[in-house]
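Morning, everyone. One structure today, and I'll keep it brisk. Have a look at it first.

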Amino acid sequence: MRSCVQVSMQLNGRRSGQAGTIREEDMKRVFAAALMTAATMFSGASLGQDAYPRKPITILVPAAAGGPSDTVARLVAEAMRADLGQPVLIENVGGAGGSLGTGRVAQASPDGYTLLLYHIGVSTFGALYPDLRYKPAEAFDSVGLVTEVPMTLVGRKNLPAGDLAALFKWLKAEGAGATFGTAGVGAVSDLCGRLLSDATGIKLTVVPYQGTGPAMNDLLGSQIDLMCDQTTNTTNQIKAGAIKPYAVTTRERIAILPNVPTLAESGVKDFEISAWHAIWAPKGTPEPIRQKLSGSLQKALKDAKVIERFAALGTVPVSAEMATPAALDKRFQSEIARWSKILANASTK
Ligand code: MLT
């Protein structure tokens, strides 16, 4: 293949050394070669996009290891590694509801080697953290949606309330004394608590953690009273009888917990929240790389082990159409608009 330099020399050589006109077909050949070079130069090839990935990829999860988002990330990463032919590593950076780790990816280089896996929370950070050094709505390019995890309202094993009605009675009697574990402002465990307080008037004392993984440890130890957390983190504890399930946050009951009522059917009208998870890349990450990642994500979500593990934890992978940049773009922007309305009067304590 000819480089730029060689093409120009050929032109000059003719012009400078030899008499007579340059034949038309020569000109065509020179142009064709120049075109080829330019095309190759600006095609993915020279930017290494077609050889992507050349080294391990890091998926940053902005919540503590062992929690629900980490669980989803590790399952998907394992399946994507097989397809991409490079290790897909998980890095956990918890804190501030996930806005800290999310900021790390916003500032990472847009080369496809640093990605963010998180959830609905990212669509609230702009409203809840007005002084962030990045604009969540503009700082990322989409790769695709991953799964939509239902949530459960759960209590410590020895909480003196056998069902939701009794829980609400106990909470009213406790006043603001009941402690509610979350992963910080803007985390979905926090958003669920806000919606619950708004819908029921119940006051809760929020106890923030680096993720609901560590919060669950304290619930298991009866150090806190309640959490609203994803089934990927609560199902096994509920089945083991280690925590009390009071309700699920989806419109319909969920197959994995058939005896647990919905908040909506228990009188908290229209209550609904679930943790849609997605993968984003830093703004400017080339489209071909994101399409490649989306393709790999789609394959991962069809992986039998991923489907089986997700099902055992009460969730399902999204469809291939949803595991695309276009679908996530649409969902993300609509959620940012929806939550900015909901949170307009939200307290950020
Ligand atoms: C986690 O993985 O800890 C959760 O997704 C945090 C949260 O409640 O949003």
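This is a predicted model: local features need pLDDT of at least 70, side-chain atom pairs count only at pLDDT 80 or more; totals for chains, interfaces and linings use all residues.

I'll go from the whole protein to its disulfide, then to one helix, then to a pocket.

Everything I quote is computed from it.

Overall picture. The protein has 349 residues, and 51% of them are buried. Its secondary structure is 13 helices and nine strands. Now the contacts. Take the pairs at least 6 apart in sequence: 78% of those contacts join residues at least 24 apart. The accessible surface is about 15,900 Å². Carbon and sulfur atoms account for 56% of that surface.

Next, the disulfide. How many does a search of the whole structure find? One. Cys192 is joined to Cys228, with 2.1 Å from S to S. The link between Cys192 and Cys228 is right-handed, at 70° about the S-S bond. It ties together distant parts of the chain. Cys192 sits in helix 8, residues 188-200, and Cys228 sits in strand 7. The two are 36 residues apart. Both Cys192 and Cys228 are buried.

Strand 7 comes up again with helix 10. That helix covers residues 231-239. Which of its residues are buried? Thr231, Thr232, Asn233, Thr234, Thr235 and Ile238. What do they pack against? Three helices come up: helix 4 (68-84), helix 9 (212-220) and helix 12 (304-312). Strands do too: strand 4 (140-156), strand 7 (226-230) and strand 8 (243-248). After helix 10 comes Gly241, with a positive phi near 75°.

Stay in helix 10 and pick out Thr235. Is Thr235 buried or exposed? Its relative accessibility is 0%, so Thr235 counts as buried; the cut-off for buried is under 20%. And its partners? Set aside neighbours within four places in sequence, and Thr235 is in contact with Ile256, Ala312 and Leu313.

Last stop, the second largest pocket. How much space lies in it? About 190 Å³. It is lined by 16 residues. Closest to its centre are Phe125, Gly126, Ala127, Lys135 and Pro136. Two elements give two or more residues each to this lining: helix 6 (125-128) and helix 13 (325-342).

To recap. One disulfide, Cys192 to Cys228, with both ends buried. A helix 10 with buried residues that include Thr235.

Methods:
Residues are numbered from 1 along each chain as its sequence is written. Side-chain values use heavy atoms; hydrogens and water are left out. On a 1 Å grid over the protein atoms alone, a cavity is a set of points where a 1.4 Å probe fits but cannot get out, and a pocket is an open set with protein on both sides within 12 Å along at least five of seven lines; lining residues have an atom within 4 Å of a point. Grid points are joined across faces, edges and corners, and a volume is the space filled by probe spheres set on the points. Helices (H or I, at least four residues) and strands (E, at least two) are DSSP runs, numbered from the N terminus. Buried means under 20% relative accessible area, exposed over 50%, partly exposed in between (1.4 Å probe, protein chains only). Contact means heavy atoms within 4.5 Å. Accessible areas come from the Shrake-Rupley method with a 1.4 Å probe; for residues, only the protein chains shown count as cover. A disulfide is a pair of cysteine sulfur atoms within 2.5 Å.
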